[in-house]
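Hi,

Here is the structure I promised to pass on.

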Amino acid sequence: MTTLSDVLKGIRDVVVLNDRLDQLTQKVDRLEMGQRDQLERLVRVESFVDFVRPAVLRRALPPAKD
């Protein structure tokens, strides 16, 4: 009977590990989606800054004369 209980325990451990692996895979997928969204937002912010920078430089005050 101990051999049977060892086999059942091994099967149970495999099922638990498989479930944990599925949960980890889902978590990694969610993190990847979040990272992708943040990257897209960063690209938009960088594009906006690159677009606005020339206008800001044109509006700069002339250097002060002593």
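First, a term: I call it a salt bridge when a side-chain nitrogen of Lys or Arg sits within 4 Å of a carboxyl oxygen of Asp or Glu. By that rule R53 pairs with D50, with the closest N and O atoms 3.8 Å apart.

Some housekeeping before the rest. This is a predicted model, so local features need pLDDT of at least 70 and side-chain atom pairs count only at pLDDT 80 or more, while totals for chains, interfaces and linings use all residues. Residues are numbered from 1 along each chain as its sequence is written, and side-chain values use heavy atoms, with hydrogens and water left out.

Back to the salt bridges: searching the whole structure turns up three. Besides R53 with D50, there is D13 with K9, where the closest N and O atoms are 3.2 Å apart, and R36 with E32, at 3.3 Å.

Where do D13 and K9 sit relative to each other? They are four residues apart in helix α1 (residues 2-58), which puts about one helical turn between them. Helices here are DSSP runs (H or I, at least four residues; strands are E, at least two), numbered from the N terminus. R36 and E32 are also in helix α1, four residues apart and about one turn of the helix. R53 and D50 lie in helix α1 too, with a spacing of three residues, about one turn. As background, side chains of opposite charge can pair when their charged atoms come close.

How accessible are these side chains? I use buried for under 20% relative accessible area, exposed for over 50%, and partly exposed for in between (1.4 Å probe, protein chains only). D13 is partly exposed at 36%, and K9 is partly exposed at 46%. R36 falls in the partly exposed class at 40%, as does E32 at 41%. R53 comes out partly exposed as well, at 47%.

There is also a nonpolar surface patch of about 450 Å², made by L4, V7, L8, I11 and V15. Patch residues have over 30% relative accessible area and no salt bridge; like charges are joined within 9 Å, and nonpolar side chains (Val, Leu, Ile, Met, Phe, Trp, Tyr) within 5 Å. The areas come from the Shrake-Rupley method with a 1.4 Å probe, and for residues only the protein chains shown count as cover. L4 belongs to helix α1.

One last item: Q35 is in helix α1 and partly exposed, at 47%. Q35 and P63 are 28 residues apart in sequence and 43 Å apart in space, C-alpha to C-alpha.

Cheers
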